[in-house]
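Dear colleague,

Please find the structure below, handed over for your files. My notes on it come after.

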Amino acid sequence: MRHIRRFDTVNRITHVVLMFSFLGLALTGLPLLFNDARWASRLARILGGLQFAGRLHRFFAIVLIGVFSAHVGRLLHRLFIKKDYGILWGPESMVPQPRDLKEMSAHFAWFFRRGPKPRFDHFTYWEKFDYWAVFWGMFIIGGSGFLLWFPWFFSNFLPGWIFNVALLIHGEEALLAVAFIFTIHFFNGHLRPDKFPMDTVIFTGSVTEHELKHERPDAYDRWVKDGTLESLVVDPPRPRLVRRGRIVGTIAIVLGLFIFALIIYAVTSHS
Amino acid sequence: MSARVTVVRLAVFASLIRLTTVVFAVPVVAPSPGNDDCLACHDDATATASNGRSIAVAAKVFADSIHGPMACTDCHADLAHAEFPHADTLSPVNCSGCHADPVAAYGKSVHAEARSAGNTSAARCVDCHGMHDIRSSQDKTSPTYPLNLPNMCGKCHGDAKIIKTGGIKVGDVFAKYHDSIHGKALEKSGLLVSAKCTDCHGNHEIRRKSDPQSGVFRANSPATCGKCHGGIQALYASGIHGSKLAEGDPRVPVCADCHTAHEIRRIDGDAWKLDVLAECGSCHAQSLKTYRDTFHGQVTSLGFTRVASCSDCHRAHDVYPKADSRSSVSDAQRAATCGKCHPAASESFAGYDPHADKHDAERNPPLYWTARFMQLLLAGVFVFFGLHTSLWFQRLLRKDPPPPSKKAGE
């Protein structure tokens, strides 16, 4: 069975670093956001006290900002140096396009058995949402995080109330990101019955030709037609890589679901 | 022992017979017995009355007591002219003959009140001062010497049985005092100036907490504590709490509300810093609630104290309303107050609202509208994707029915 490349090495590493820095940020920020939950104080102490947890939080933030910046740098390189304008529009672009709306409504129709499954291309509408959610989150959470990290500097040219807003946004947006990733993204990417327990493509980088044809028929047909498919054929992932991907993915999913359980516990036990 | 009792009884009988002869004879005033006469019998550690009660008085102990130079009959006045051996039961000694003022003061005390109500465990003079071994309260061996005093009061107020039978309402004061900053200063550090029971409660005239004349009556608390903490008393009196107290407002906190009465702790300990937040919050509930929404409040909520709590910004004793220019959170002083922890704090930095309320559109409009927006965003995302995910899930779970035509589904 032939394997088709979907993510290159840099993108796979980017995702792993993103994953763990995100988990680290969630875990170290959680006690503050849910400070009245029963587990909060214990978690803060397990993390080495709030001061140390705060240092870890800033460390993970730097890592995440680093990996995000590298990704943006890579995009800029593709755009301006390699003149690859395909990332701006078209089937290889992450930019939302009319076909995403059509595919989404077709998908809903399929949920209700009122139509065939949409013929997705390289990126689906929910994948694009997840992707841009990271951009939105990086600017909103990262920006407010910097405000809170260096208030004495920003207060030189910003009014004091901005820090009240920054603290609120930082917490609420983080809650949105964390709860979204650990439920919706986990389900869409890994836990749904046809992927359960996980999709290892983000770790191995490739899918089988059968899977590609079945899940993204438009991309498959397009690549067959223009001959790109042959250039995307790669060796099947080595078993060790698949195993590693499963272990790393399992750790992340378990940790994420654990964090989500803590949030649910905090929200429901709160009067 | 029974032989001794018989002897005593015979002696009493004999003296009664002699008494009848004396009554009908020419009255003769018997000479007052000297201390040596008394000690001839009583300076015997095994001496007991007919009911077995010890009647021993060690000559040395009495001689060393503050009453050493006095005659036994100065106190036991009913024996001044008695025949010997004297009657088993003597009139109670009345200390007021010499100590009129302390006894009069004692008469107004809760101890005297309990005793006249029939409570025999309530303290009398001798219970605190001793009997034949009374020493000056300056004497280091006296139970009323400052370093010994708490243990002396603790004989009853630390004894579970007496607390119960004596109907003592607040029972755990001895243990609490023991661990308090005052108790440790006195007992561990040996500081005579540290507050002991009598400094707050008085000595002879100990009154109930509910008695307006008591040193521990709520409204008297600042004056009582101010006997030692004069500087703090002045700050408190000038602040809003002290001024309101002077106006007779019963709601304001007094010293003991924050510091407690007996288990007063060091104010630099974590436990105290965290507990006092709840104390301020017992009246300033809304302020505590909004404080909890800020980083400062979140950190203290988790049990860490490296952030500002109420008194760090508002001060502890000289608290003024924000509009008062003396207030540490007034417009004029706020930046300097923030600067205590945030050295680079500017006027703009101090524009941060440490009690911002996201539900209050008037006080914090940008925060209010941001909160509304975030609420909508979160609700929107989760409603949409919750629906999307559930529908997808049910579609994947249910197997397709046998296809009527080749076109449908996957």
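This is a predicted model: local features need pLDDT of at least 70, side-chain atom pairs count only at pLDDT 80 or more; totals for chains, interfaces and linings use all residues.

Residues are numbered from 1 along each chain as its sequence is written, and chains are lettered from A and ligands numbered from 1 in the order in which they are written.

Chain A has 12 helices and 3 strands; helices (H or I, at least four residues) and strands (E, at least two) are DSSP runs, numbered from the N terminus. Its C-alpha trace spans about 60 × 40 × 40 Å along the principal axes. Of the 271 residues in chain A, 31% are buried, a residue being buried if 20 or more other C-beta atoms, placed from the backbone, lie within 10 Å of its own. Among contacts in chain A with a separation of 6 or more, 74% are between residues 24 or more positions apart; two residues are in contact if their C-beta atoms, placed from the backbone, lie within 7 Å.

The strands of chain A form an open sheet in the order β2-β1-β3, with antiparallel pairing (two strands pair if DSSP finds at least two bridges between them). Its edge strands are β2 (206–208) and β3 (233–234), each pairing on one side only. Strand β1 (residues 3–5) is joined to β3(A) by 2 bridges, and A:I4 has A:V233 as its bridge partner in β3(A).

Turning to helix packing, axes are lines fitted to C-alpha atoms, for helices over the stretch in contact, and angles run from 0 to 180 degrees between N-to-C directions. Angles under 35 degrees count as roughly parallel, over 145 as roughly antiparallel, 65 to 115 as roughly perpendicular and the rest as oblique.

Within chain A, helix α1 (residues 9–33) packs on helix α3 (residues 49–81) at an angle of about 150°, with their axes 8 Å apart; α1(A) and α3(A) are therefore roughly antiparallel. The contact of α1(A) with α3(A) comprises 13 nonpolar, 7 polar and 1 charged residues. Here Ala, Val, Leu, Ile, Met, Phe, Trp, Tyr, Cys and Pro count as nonpolar, Asp, Glu, Lys and Arg as charged, and the others, Gly among them, as polar.

Helix α7 (residues 161–191) of chain A has two packing partners described here. With helix α12 (residues 239–269) of chain A, the angle is about 135° and the axes are 9 Å apart, so α7(A) and α12(A) are oblique to each other. Residues of this contact include A:F182 and A:F186 of α7(A) and A:L257 and A:F260 of α12(A). By class they divide into 10 nonpolar, 3 polar and no charged.

Chain B meets chain A through 42 of its residues, which are in contact with 35 residues of chain A. On the chain B side, α19 (295–301) and α22 (365–397) each supply at least two residues, and α22(B) gives the most, with 16 residues. That side has 24 nonpolar, 12 polar and 6 charged residues.

The axes of α7(A) and α22(B) come within 10 Å and cross at roughly 5°; the two helices are therefore roughly parallel. Among the residues in contact are A:W161, A:L168 and A:F180 of α7(A), and B:M374, B:L378 and B:F385 of α22(B). This contact has 16 nonpolar, 3 polar and 1 charged residues.

Yours sincerely

Technical notes:
A residue is buried if 20 or more other C-beta atoms lie within 10 Å of its own, exposed if 12 or fewer, and partly exposed in between; C-beta atoms are placed from the backbone.
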